[in-house]
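Please keep the sequence and the model in view while reading.

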Amino acid sequence: MTKETCYICDKPKTSGEHVPPKCLFPANKDLEPSENFRKNLIKVPSCDEHNSAKSQDDEFMLITFASSMAAEKGSGFLQNSKLKRILDRKPHVFNELLKHSTPIKLPDNENNVVETCIYSLDRERFMNQMEAVANGVYFHHLKQKVTGRTIVNPIKGFQTTSIKQNLHNAKTKKFAETLFPAKPVYGDNQDIFYYQVTEDKPEMIMKLVFYRNIEFIAVFNGECR
Ligand SMILES: [Zn+2]
């Protein structure tokens with residue numbers, strides 16, 4: 001019997017990695033008895049190095065989502081959202097958010113001044129992690145490792161500060177809108193996360209959707225091992 005190896009590298013499996021990270025899904029103890037957002041979470045074999053929980057990357061992803069939603073929705077952000085229910089239980093995540101935020105005052109649509117915040121988070125670290133999530137979902141879907149580069153772009157609900165990047169994302173979004181409407185939707189907790197793929201082939205394109213609001217497109221290189 002061959003030993004199972006990590007979803008990213010060739011090291012032996014030492015643990016299971018949840019993709020996306022388990023901490024993005026509200027824990028059952030925080031919910032009504034009828035609710036369950038941790039049904040059949042996706043898990044892939046992982047070495048220690050590629051386990052996000054061991055590098056604290058899992059909570060970093062949660063913080064980044066929270067700050068992105070905050071930036072988009074302004075001061076009333078996250079009301080009644082699933083994400084808010086997780087954050088209520090994790091004050092240290094909010095503290096981390098505040099460390100990276102600068103309060104500012106901005107005019108709203110009716111020219112009233114509203115208080116909001118700008119957040120500076122490590123975008124590169126986040127996008128690297130999103131790439132790992134995409135690779136994990138790919139492995140789960142095809143039972144194959146990604147062999148080449150994976151390119152991930154945010155297309156909805158994720159703020160960037162670069163005009164060029166936003167333009168590029170708008171183009172990717174337009175392209176993505178033509179690809180996925182008729183495709184099956186995968187994931188047993190779709191309020192938190194689901195994905196779609198263009199085809200069940202190594203050269204697939206994948207859409208990843210978090211909290212029904214934040215969307216990414218992943219393009220995988222074609223070769224398989
Ligand atoms: Zn590994």
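Five strands form an open sheet in the order β5-β9-β8-β7-β6, with antiparallel pairing. Strands here are DSSP runs of E with at least two residues, helices are runs of H or I with at least four, and both are numbered from the N terminus; two strands count as paired if DSSP finds at least two bridges between them. At the edges stand β5 (150-156) and β6 (186-189), each with a single partner strand, so one side of each is left without a neighbour in the sheet. From one strand to the next, the twist averages 20°.

The model is a predicted one, in which local features need pLDDT of at least 70 and side-chain atom pairs count only at pLDDT 80 or more, whereas totals for chains, interfaces and linings use all residues. Residues are numbered from 1 along each chain as its sequence is written, and side-chain values use heavy atoms, with hydrogens and water left out.

Strand β5 is joined to β9 (residues 214-220) by six bridges, and the two run antiparallel. Along this pairing, N153 stands opposite I217 in β9, and K156 stands opposite E215 in β9. Helix α4 (residues 123-142) packs on the sheet and touches β5, β6, β7 (193-197), β8 (205-210) and β9; the direction of α4 makes about 110° with that of β5. Contact means heavy atoms within 4.5 Å, and such angles run from 0 to 180 degrees between N-to-C directions, the axes being lines fitted to C-alpha atoms, for helices over the stretch in contact. Five of the seven residues of β5 are buried, so this strand is largely enclosed by the rest of the structure. Buried means under 20% relative accessible area, exposed means over 50%, and partly exposed lies in between (1.4 Å probe, protein chains only).

The protein chain as a whole has five helices and nine strands. Buried residues make up 45% of its 225 residues. Among contacts in the protein chain with a separation of 6 or more, 62% come from residues 24 or more positions apart.

Which residues coordinate the zinc ion? The donors are C6 (SG), C9 (SG), C47 (SG) and H50 (ND1), at 2.1 to 2.3 Å. Donors are N, O and S atoms within 2.8 Å of the metal (3.2 Å for Na, K and Ca); water is not among the atoms, so sites may look incomplete. The four donor atoms subtend angles of 101 to 113° around the zinc ion, which makes the arrangement tetrahedral; four donors are counted in this way if all angles lie between 85 and 135 degrees. In sequence, the donor residues are spaced C-x2-C-x37-C-x2-H. C9 lies in the segment before β1 (15-18) and H50 in the loop between β2 (43-46) and α1 (57-73), so the pair ties together parts that are 41 residues apart in sequence. C9 counts as buried because its relative accessibility is 17%, and C47 counts as buried at 2%.

Helix α1 also contains D57, which is buried, with a relative accessible area of 19%. Not counting residues up to four places away in sequence, D57 touches S52, R125 and Q129.

Notes:
Tetrahedral: all angles 85-135°; square planar, octahedral: opposite > 155°, others 65-115°.
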